[in-house]
Amino acid sequence: MRKDIVIPEVKDVYVAAVLDYNEDFNTDDWNAYIINDGPEAIETVLIVAQGYDDKDMTAPMRHTIKLVPAKGYARIEFLEDSVLRLNNFFSITYFQGTKMYEKRFELPANSVLKDNAVMLPVMNKNGVLAK
């Protein structure tokens, strides 16, 4: 039975922390984004985000995004400075066509820094990719 279950591999979908300018507060803020670099849209994207370390854990935050178009992206949430010292993970589940995909992305503690930023696909901005 178990050998008959096919779990599709997630390809061309990423989670990244991006430094955006907030015009309301005149500050640079880190925000988490989901990026779809694939040729097909992804639908019914369910996201559970949580931060943790040896002694602290944040409450899980749940998000739903109806559609992320092909070669598109969507903002997940604001990353407050105090949670950047924690390991932050994003459990992503979505549908592409008739298949359901799932992957856990993690931003290690203290890794969200300008020095760790790389050029992100689709967004054409610098950001820190989750692994």
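## Burial and contacts

Of the 131 residues in the protein chain, 40% are buried (under 20% relative accessible area, with a 1.4 Å probe and protein chains only). Among contacts (heavy atoms within 4.5 Å) between residues at least 6 apart in sequence, 58% join residues at least 24 apart.

This is a predicted model, in which local features need pLDDT of at least 70 and side-chain atom pairs count only at pLDDT 80 or more, while totals for chains, interfaces and linings use all residues. Residues are numbered from 1 along each chain as its sequence is written, and side-chain values use heavy atoms, with hydrogens and water left out.

## Fold and dimensions

The protein chain holds nine strands and zero helices, where strands are DSSP runs of E with at least two residues and helices are runs of H or I with at least four. The C-alpha atoms fill a box of roughly 50 × 35 × 25 Å along the principal axes.

## Surface

The accessible surface of the protein chain comes to about 8,300 Å², and 51% of that area belongs to carbon and sulfur atoms, as computed by the Shrake-Rupley method with a 1.4 Å probe.

## Asparagine 22

Asparagine 22 lies in strand 1, which spans residues 13-22. A polar atom of the asparagine 22 side chain lies 3.3 Å from the backbone nitrogen of phenylalanine 25. Leaving aside neighbours within four places in sequence, asparagine 22 is in contact with Thr27 and Asp29.

Note on methods
Buried means under 20% relative accessible area, exposed over 50%, partly exposed in between (1.4 Å probe, protein chains only). A polar contact is a pair of N or O atoms within 3.5 Å; within protein, one must be able to donate a hydrogen and the other to accept it, and residues adjacent in sequence count only if both atoms are side-chain atoms.
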